[in-house]
Amino acid sequence: MSDITNRGYAGKILHLKLSTLEYEVIPTEKYVEWGGGNGMGTALYWDFCEDKTIQDGRDEKNVVVIATSPLCGTATPSAGGRCEIVGTACGLYPESFFSRSNIGGRLSSMMKYAGWDAIVISGKAPKPVWVEIQNSLVRYHSAEALWGKDAHETQLRLFGILDRKNEGWGWQPLPGKGAGDSGYTTQIPAIAAISQAGERLQTMAGILHDAGNISGQGGFGAVWGSKNLKAISVLGTGAVKAADPAALIRARFKVKERYAPDVQKPDLLAWSFLSYPKPIAFAGDYDQSRRSACVGCVMGCRQRFSTGVGNQVKCQASAWYLAYIKKYAKKHPEEIDLNNEKQIVEISNYAADLCNRYALNTYLFQHALPWLEGLWHRGLLGKGKQVPSELDFDKLGSKAFVKEFCEAFAFRKDIGALFGDGFVHGVIKLGLEEDYKNGTLDFPYWGIQEHGYDPRAEVEWGYASILTDRDVNSHEFNQLYWNISIYTLMGLKPRISAEKLVHLIAEKLKPYVDGPECMDFSEENIYSDAVLNLTRWYIHYNRFWKNSALFCDLRWANLFHSRGDDAGNEGATGDPEVGEQVYWNAVTGENISIVDGLKRGYRVIVLQNAIWALQGRHRDKVHFADFIYEKPFEKGEFPFYMWTVRDKEGKWRYGDIMHRKLDREKFEDFKTRYYLAEGLDPKTGWPTEETLKKLKLDFAIDELKEHGKLPESNAS
Amino acid sequence: MQNSEPKFGGMDRRTFLKVLAASGVTATAGAAFMLPGTNLMVMPNSKGYLVVDMAKCMGCVSCMMACSMVHHGESSLSLSRIQIQQDAFQKFPDDIHMAVCHQCEDAPCVNACPVEADHVDIVHGNIRTIDPDRCIGCTQCIDACPWLPKRLQFNPKTRKVQKCDLCANTPYLDEKGGPGGTQTCVKVCPVGAISYVEKMPKQHDPYAYNVNLRDKSWVEVGHTDKDFKLNEGKV
Ligand code: SF4
Ligand code: SF4
Ligand code: SF4
């Protein structure tokens, strides 16, 4: 095999040993078999985390890995700029496990250009530090002066300290000022930073890069805070080499021609996110803006505004406070004009921007805030109440309220203090467990808020979330829910017939499934082997192509496609000219198929199951919150939840899959079959010795045995 | 390598060589000449130019990575001949700056080169380009370029300077590049923020290469088509 630096890898991994403020350089070679990202990060965690039994990421023994892929820093469509963060999370319920998070922007590409495939962070710095990386130069600096600053100000200050503000837009030598020889750049460093929330070990604290790329889930901001790590700044002048550069460019041209949005003829109703031509902004249009993209994206999903406020927010974050603003505007027209879209967007952006500054996970607020509002109306929240708080919920929807609300969480005061060690933990401590159980608080898995795609309807999302470690946040199937629901809402004729769609998708899932039955999400079929195998494909794809190769979740997988007048065509996934493997092979010089990648994803998830076993996971803990089994799903984004279903005559149609609950026993049986199919012990959910050997994960056997976590006998 | 005799009265050898260097072609040397009675060389105009829209670009740097890839077989922002600079904390439209070579009419970089490495390539549509075999890495061309950031790049590994050749010399591009062929950055840009034109933009106008490439369809996806006067960054 040729030198890995000629095929996508930088060749080195940086290990920051915070306790002694030293670092070491690890050759990447040993970890290449994992691809990159999630897989590489998991393998590094396994090797560098000495005590894998920890159940809270804020434990000093925790190890965090930031990992890139061979594709980072290349023009691979919507895969050049994602970055994976793994380690033991915090704030999950009943306890925290090894988990993952992912951010976009410029961080991973800059790491590659600086010569690093991954950064392993271990120990705890004696005092707050930030780390400067310029190519091979690595320096620790005191962060005393940055401690107490939010994640925006921290980065701006570091730009100043590093003398790399964009004033003048000139070429700068690296490393250091005027040092000459190692290269020149016109770019500013890529910085990842935590806010006051992370410093205060607030479990909903994330890590922010640039204005709005945040690692939201897992509480990794608090993990950095617990390690006294304020920020990492990376600037590089190097290159990522590809094994077959011409093949990469050829495929990039082709994907634009066939799949990426056409800006000259924007198809606002395109079926498939790969072709979606607008920024993903839910609060409305604000025309004094540009779109903003992660490195290498085929169509940016974020924006930057003439106000500078809300730069790079997107999707749910762009509108997490929107409904309250509108409600408030109705009561206070003198303050907010409901018909003034610009004003509404500005306030919504302001709320999103606050969450970016404080690097707070807006998804948590999506469901936590309505619940808190409910407590207020129930008379349980307020001064001297069961949930003591100074916040005035009559002002909910105003700018002043959102500021106070975010500050409470950022500074861990008021209600922010009550939930600082995990939201559900706080709920239980306050004596409100019933709300968690009965779904008044919509947190269905691992103490994490629901994403908008309820497990009782969109089962693949729910299954994959509970069978892994977090809200899976993986939209490959979910795209069809949006497409069909929007068409239904607008009364349009579906662009792709249900019959055609299920066949298009089933074709992509081979050999995991052998026909379109897997797309029948009717109540009778959701526990079937067909849906089980779809779920396995989904998890394996997620573990390799999405989070190890680092194809962006919003654009990939592309299982079906329609752009312009197309009636509906094959998606780009696995395509011999523009599929994920084409880019992977062009960069790495390998010759793998899409299925080979899925097998690698399988290996990653089994190793993660080994870590979870050491952390105390058992199949008995793998279940949804009670309400998922006890109450039908009635309230979503739309009054219906459209999906593909097959009727009694075997005909495919788009049908509403709302108004149902999951069956506990049937799900338990589904789990058993899932464990068996994955080579996990059905009694415990732990990997069996046989599976570990088969997947060449023998290195995990002894540690599992030592902790009594190797199942007695092989899967029955 | 090439004919060292001047073809036109009054043209000194050095200026003459700037035109011919690396091309090895003497027959078309008539494309450049000295203004009679002066020591000034008139360079044939480039047959193509890149113009950009700084308010349209989304900062994906795909153009930079692809530019470097087709020339060098590796993706590097430092080796890209187009430079996109951005700061996500700034306000639109000042958060992005795009820098392309102007293929200047009387290119200061060509004039500054002491060894005729930076030359007008008459085989490839009169692009201003650098012959790496001749370049001695003195960086005088970089100093001479009147724009910020400088539109030429110093490659610390080879210790040579390079610049945009409109993709004429691209070993890793399947298609024919150069004027009349493919410009990789133009073709790869997802939003059409770079355009190739044949008409020379007004020289000495610091805004002439920054044009408005937004139209109705851009408004349809939620953004403005307003004209902005965005600074090119003249030294
Ligand atoms: S490098 Fe500078 S001086 Fe030379 S042609 Fe380009 S813009 Fe003009
Ligand atoms: S035209 Fe070619 S050489 Fe010039 S900047 Fe674009 S990609 Fe680079
Ligand atoms: S490819 Fe286009 S949108 Fe992306 S950075 Fe270059 S000019 Fe801007």
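This is a predicted model: local features need pLDDT of at least 70, side-chain atom pairs count only at pLDDT 80 or more; totals for chains, interfaces and linings use all residues.
The shell around ligand 2 includes the cysteines B:Cys67, B:Cys164, B:Cys167 and B:Cys185, together with B:His71, B:Arg81 and B:Asp165, among others. Two helices of chain B, α2 (62-72) and α5 (184-188), are the elements that give two or more residues to this shell. Seven nonpolar, three polar and two charged residues form the shell around ligand 2. Ligand 3 is surrounded by 14 residues, of which B:Cys57, B:Cys60, B:Val61, B:Cys63 and B:Cys189 are the closest. The shell around ligand 3 has 12 nonpolar and two polar residues, and no charged residues.

The largest cavity has a volume of about 840 Å³. Its lining consists of 46 residues, and A:Arg82, A:Asn102, A:Ile214, A:Lys314 and A:Asn473 lie nearest its centre. In chain A, the strands β5 (98-103) and β13 (213-215) and the helices α9 (362-377) and α17 (529-546) are the elements that give two or more residues to this lining. Of these, β5(A) gives the most, with four residues. The lining of the largest cavity divides by class into 16 nonpolar, 21 polar and nine charged residues. The second largest cavity holds about 180 Å³ of space. It is lined by 19 residues, and A:Leu92, A:Thr203, A:Gly218, A:Asn361 and A:Ile448 are the closest to its centre. Six nonpolar, 11 polar and two charged residues are found in the lining of the second largest cavity.

Open pockets were treated separately. The largest pocket contains about 1800 Å³ of space. By class, the lining of the largest pocket has 27 nonpolar, 11 polar and 12 charged residues. The second largest pocket has about 530 Å³ of space. Among its 26 lining residues, those closest to the centre are A:Tyr113, A:Thr237, A:Gly238, A:Ala239 and B:Lys157. At least two residues of this lining come from each of α2 of chain A and β9 (152-155) of chain B, with α2(A) giving the most, three residues. The lining of the second largest pocket comprises nine nonpolar, 12 polar and five charged residues.

The buried residues include A:Lys112 and A:Tyr113. A:Gly115 follows α2(A) and has a positive phi, near 105°.

Six of the six residues of β7(A) (residues 129-134) are buried, so the strand is largely enclosed by the rest of the structure. A:Val129, A:Val131 and A:Ile133 point one way from the strand, whereas A:Trp130, A:Glu132 and A:Gln134 point the other way. β7(A) runs parallel to strand β14(A) (residues 229-235), to which six bridges join it; A:Glu132 has A:Ser233 as its bridge partner in β14(A). With strand β8(A) (residues 137-142), β7(A) pairs in the antiparallel sense, again over six bridges, and A:Val129 stands opposite A:Ser142. β7(A) and β8(A) form a hairpin with two residues between them, and A:Asn135 in the turn has a positive phi of about 45°.

A:Lys230 belongs to strand β14 of chain A. With a relative accessibility of 0%, A:Lys230 counts as buried. Its side chain reaches the backbone oxygen of A:Ile194 at 3.0 Å and makes a polar contact with the side chain of A:Glu199 at 2.6 Å. The C-alpha atoms of A:Lys230 and A:Pro333 are 42 Å apart in space, with the two residues separated by 103 residues in sequence.

Conventions
Residues are numbered from 1 along each chain as its sequence is written. Chains are lettered from A and ligands numbered from 1 in the order in which they are written. Side-chain values use heavy atoms; hydrogens and water are left out. A residue is near a molecule or strand if one of its heavy atoms lies within 4 Å of it. Ala, Val, Leu, Ile, Met, Phe, Trp, Tyr, Cys and Pro count as nonpolar, Asp, Glu, Lys and Arg as charged, and the others, Gly among them, as polar. On a 1 Å grid over the protein atoms alone, a cavity is a set of points where a 1.4 Å probe fits but cannot get out, and a pocket is an open set with protein on both sides within 12 Å along at least five of seven lines; lining residues have an atom within 4 Å of a point. Grid points are joined across faces, edges and corners, and a volume is the space filled by probe spheres set on the points. Buried means under 20% relative accessible area, exposed over 50%, partly exposed in between (1.4 Å probe, protein chains only). Two strands pair if DSSP finds at least two bridges between them. A polar contact is a pair of N or O atoms within 3.5 Å; within protein, one must be able to donate a hydrogen and the other to accept it, and residues adjacent in sequence count only if both atoms are side-chain atoms.
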